[in-house]
Amino acid sequence: MPIKESELILNPDNSIYHLNLKPEHVAKTIILVGDQDRVEKVSKYFDRIEFKIQKREFKTHTGYYKKKRITVISTGIGPDNIDIVLNELDALVNIDFGTRQIKETLTKLHIIRIGTSGSLQAHIPVDTFVLSTHGLDINGMLHAYQLNNINTPDFEQAFITHTNWSPNKARPIIIEGSQILRDQLKSEQTYEGLTATAGGFYGPQGRVLRLPVQDAQLNSKMDNFEYNNIRISNFEMETSAIFGLAKLLGHEALSLNAIIANRATGNFTKKPALTIDKLIKYTLDKLVE
Ligand SMILES: O=P(O)(O)O[C@H]1O[C@H](CO)[C@@H](O)[C@H]1O
Ligand SMILES: O=c1cc[nH]c(=O)[nH]1
C-alpha cells in the first residue's frame with residue numbers, strides 16, 4: 001500500500017515537507033546541529049558546497065570535506081524537532097517518493113550531532129568535549145513509538161529508583177549510541193558519559209529563575225548516579241531522541257557536545273564560539289581519518 005499523502009507529505013516540487021530536501025540532496029554522512037547559524041560554521045570548512053536550502057529552523061548545506069560528502073542540517077531546539085528531522089531524513093533515503101513505498105534495500109545513514117551542552121560533573125569543565133555513549137531520555141517523545149527492545153530496562157530502573165523519579169513524568173529511557181561512530185570519533189580529547197536529554201532548558205534541566213521545580217534535588221541525584229561505571233555527564237535537548245529514532249530506523253548515530261555550562265560549579269564559558277569551532281574541526285577531521 002502506498003503511504004498516504006497526509007502521512008508522507010511532499011511539497012509541490014516533490015521535496016519532503018519540513019526539510020524541503022529531495023533524495024539527491026542528502027549525503028550518507030549527516031551532521032546535525034541545533035542552531036541554524038552553526039550550519040555555516042561547519043560548511044565553511046568544506047572544499048565545495050553543492051547545495052543549500054532553508055525552511056523554518058531547518059537549514060541544510062551539502063558539500064565535500066576532503067573528498068567526503070557530508071550534509072549538515074540544523075534541527076532547531078528539542079526532541080520534538082528531532083522527530084521531524086530523523087523521520088524525514090529516513091524517508092529521503094528509504095522511501096520511494098514516486099511509488100510512496102518503502103524501498104526493498106534500505107540505506108544506513110551515519111548521523112553525528114555537534115551540539116552544546118551543560119556538564120553535570122564538576123570534573124568535566126567548560127570548554128571540553130563530551131561524547132555520549134548513551135542517551136538518557138527524560139522528555140517522553142520516544143514513547144510514541146514501539147521501542148522494540150532498543151532500550152536498557154535494568155539501567156533505566158536503577159535510575160528511576162535512585163532518583164525516586166516521579167510517576168507523573170515520562171518514564172526515562174536509556175539508549176546506547178553507535179559503537180562504530182564512537183570508535184571513530186573518540187580520543188583523549190573527549191570525555192565519555194550518559195547524556196540526559198530534557199524537553200526544556202529551564203525546569204526540565206533543574207534551572208530555577210522564578211518557578212520552583214518538582215524535584216529541587218534531581219540534578220544532584222543525577223550527578224551522583226552510577227550504573228556499571230557509567231555516570232551522567234551532561235544535559236542537553238536532542239541526543240537521546242536521535243539515538244532512539246536512529247536505532248529504530250537502522251541508522252548509526254553519535255553525539256558530541258561542547259560543554260558551555262557547568263551546572264555543578266555554576267559557571268559558563270567565556271568563549272563559546274571558539275569551543276564550538278574546535279569541536280566542529282575535531283569532528284570533521286575524525287570523519288575523514
Ligand atoms: O546548541 P544546540 O545544538 O542547539 O544544543 C543545545 O542548545 C539548545 C539550548 O540552548 C538545545 O538545543 C541544546 O541541546
Ligand atoms: O545547560 C545547557 C547548555 C546548553 N544546552 C542545554 O540544553 N543545556
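**Briefing: an asparagine loop, a hairpin and a ligand shell**

N148 is found in the loop between β8 (129-137) and α3 (153-163), where helices (H or I, at least four residues) and strands (E, at least two) are DSSP runs numbered from the N terminus. This is a predicted model, in which local features need pLDDT of at least 70, side-chain atom pairs count only at pLDDT 80 or more, and totals for chains, interfaces and linings use all residues. Residues are numbered from 1 along each chain as its sequence is written, while chains are lettered from A and ligands numbered from 1 in the order in which they are written.

**The loop**
- N148 has a positive phi of about 45°, although it is not a glycine.
- N149, in the loop between β8 and α3, has a positive phi of about 60° and is not a glycine.
- N149 also counts as exposed, with 8 C-beta neighbours inside 10 Å.

**The hairpin**
- β2 (residues 48-55) and β3 (residues 58-65) pair in the antiparallel sense over 7 bridges; pairing takes at least two DSSP bridges between two strands.
- I53 stands opposite T60 in β3.
- The hairpin has 2 residues between its strands, and R56 takes a positive phi near 50° there.

**Around ligand 2**
- The residues surrounding ligand 2 (C-beta atom, placed from the backbone, within 6 Å) include T116, S117, G118, F235, E236, I260 and A261.
- Two or more shell residues come from each of β7 (110-119), β12 (230-236) and β13 (252-262).
- β7 gives the largest share, 3 residues.

Methods
Buried ≥ 20, exposed ≤ 12 C-beta atoms within 10 Å, placed from the backbone.
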